[in-house]
Amino acid sequence: MHLVADRQGQIEEENSLQDRLLEWMYGHRSGRVMLRLLVLPCVSKIGGKFLESRFSLILIPPFIKSHGIDMDAYETRVYGSYNEFFKRRLNPEGRRIPEAPDTFISPCDSRLSVYRIDGGKEFVVKHACYTLGSILRNEKLAAKYAGGYVWIFRLCVEDYHRYVYVDNGRESKRRRIPGVFHTVNPAAGNRFPIYKENTREYSVVKTENFGPVIQMEVGALFVGRIENRKDGGQVKRGQEKGNFAFGGSTVILVTGQGRVQPDQDILENSAKGIETRVKLGEKVGKSVIDFYK
């Protein structure tokens, strides 16, 4: 069970059947024995094969009903598998991307937490202490972001699983780091340093308005693929970067010191261990004025 807030300040407890199952699996010895197999990449690949087959179509109607998904918001099409449905695309008018250059946007629909990176390049998520260098596997790059912020956008299975670039800029070549596939549910985050153990992929975008921004995608339980588009080159704010296959997943942004100021409600919620619901394209921060001087 964990707390989630909306942008109006309403806080609710999330305690779904999925949450309770994952809490049991990560909190009990017998559950953790099962997890040794479930988090292996080969298991995610096997699950992915089924979800890409026509047999998986039977899963779509109960999923839509149980999560109350409004299919009118998505492009009308016939799906050949559950994974095609899971990666469904919004209608073109489904999200508005703010044009104001100083507006820092969310790259996806998610539950957001923001953490300050201290001078030692460390930050704490729940009970797990991370160093940015261990997540990036690059101490030299991590040092450039000391004093900045780590933005963790956690996607649940019912969320829209496509994500975009947060600003115009030039993207570097991507780095992929193989790993396991823990769930990104808080049940796992309380017990495992998931963001330095899970499979992940990242690049640096030299943005026009926020300086260099690291954008990382983290795979999760039963997510066998991070499906990014082109590698490197010029990108635009709101341009689709990629999507996840089935499961909950995470997008992580890293911004440098004195570049972006997170919105106050998100900072206050994060300090209390409360995630904030945000939508793709929604304002979550603002460029720091000193950056333009």
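Helices (H or I, at least four residues) and strands (E, at least two) are DSSP runs, numbered from the N terminus. The views below show a predicted model, in which local features need pLDDT of at least 70 and side-chain atom pairs count only at pLDDT 80 or more, while totals for chains, interfaces and linings use all residues. Residues are numbered from 1 along each chain as its sequence is written, and side-chain values use heavy atoms, with hydrogens and water left out.

**Figure 1. Overview of the protein chain.** The secondary structure of the protein chain comprises 10 helices and 19 strands. Of its 293 residues, 53% are buried; buried means under 20% relative accessible area, exposed over 50%, and partly exposed in between (1.4 Å probe, protein chains only). Among contacts with a separation of 6 or more, 74% are between residues 24 or more positions apart, a contact being heavy atoms within 4.5 Å. The protein chain exposes about 13800 Å², of which carbon and sulfur atoms supply 55%; accessible areas come from the Shrake-Rupley method with a 1.4 Å probe, and for residues only the protein chains shown count as cover.

**Figure 2. A nonpolar patch on the surface that includes phenylalanine 55.** Phenylalanine 55 is located in the loop between helix H3 (41-51) and helix H4 (60-67). Its relative accessibility is 65%, so phenylalanine 55 counts as exposed. Together, Phe50, Phe55, Ile58 and Leu59 form a nonpolar surface patch with about 440 Å² of accessible area. Patches are made of residues with over 30% relative accessible area and no salt bridge; like charges are joined within 9 Å, and nonpolar side chains (Val, Leu, Ile, Met, Phe, Trp, Tyr) within 5 Å.

**Figure 3. Aromatic pairs.** The whole structure contains 10 aromatic pairs. Rings of Phe, Tyr and Trp (its six-membered ring) pair if their centres lie within 6.5 Å; planes under 30 degrees apart count as stacked, over 60 as edge-to-face and the rest as tilted. The pair of phenylalanine 63 and tyrosine 82 is edge-to-face, because the ring centres are 5.8 Å apart and the planes stand at 85°. Phenylalanine 63 belongs to helix H4 and tyrosine 82 to helix H5 (residues 82-86), so the pair ties together parts that are 19 residues apart in sequence. Both phenylalanine 63 and tyrosine 82 are buried. A tilted pair is formed by tyrosine 163 and phenylalanine 244, with 5.1 Å from centre to centre and 50° between the planes. Here tyrosine 163 lies in strand S8 (residues 162-164) and phenylalanine 244 in strand S15 (residues 240-244), so parts that are 81 residues apart in sequence are tied together. Tyrosine 163 is buried at 0% relative accessibility, and phenylalanine 244 is buried with a relative accessible area of 0%. One aromatic cluster consists of Phe63, Tyr79, Tyr82, Phe85 and Phe86.

Figure 4. Serine 270 is placed in helix H10 (residues 264-271) and counts as buried because its relative accessibility is 9%. Polar contacts are pairs of N or O atoms within 3.5 Å; within protein, one must be able to donate a hydrogen and the other to accept it, and residues adjacent in sequence count only if both atoms are side-chain atoms. The side chain of serine 270 reaches the backbone oxygen of isoleucine 266 at 2.8 Å, and a polar atom of that side chain lies 2.9 Å from the backbone nitrogen of valine 114. Beyond its neighbours within four places in sequence, serine 270 is in contact with Leu112, Ser113 and Val114.

Figure 5. Arginine 162 in strand S8. Arginine 162, found in strand S8, is buried at 9% relative accessibility. Its side chain reaches the backbone oxygen of lysine 87 at 2.7 Å, and a polar atom of the side chain lies 3.5 Å from the backbone oxygen of arginine 88. Salt bridges. The whole structure contains 20 salt bridges, each a side-chain nitrogen of Lys or Arg within 4 Å of a carboxyl oxygen of Asp or Glu. Glutamate 12 and arginine 277 meet in a salt bridge of 2.7 Å, N to O. This pair links distant parts of the chain, with glutamate 12 in strand S2 (residues 11-14) and arginine 277 in strand S18 (residues 275-278), 265 residues apart. Arginine 229 forms a salt bridge with glutamate 240, the closest N and O atoms being 2.7 Å apart.
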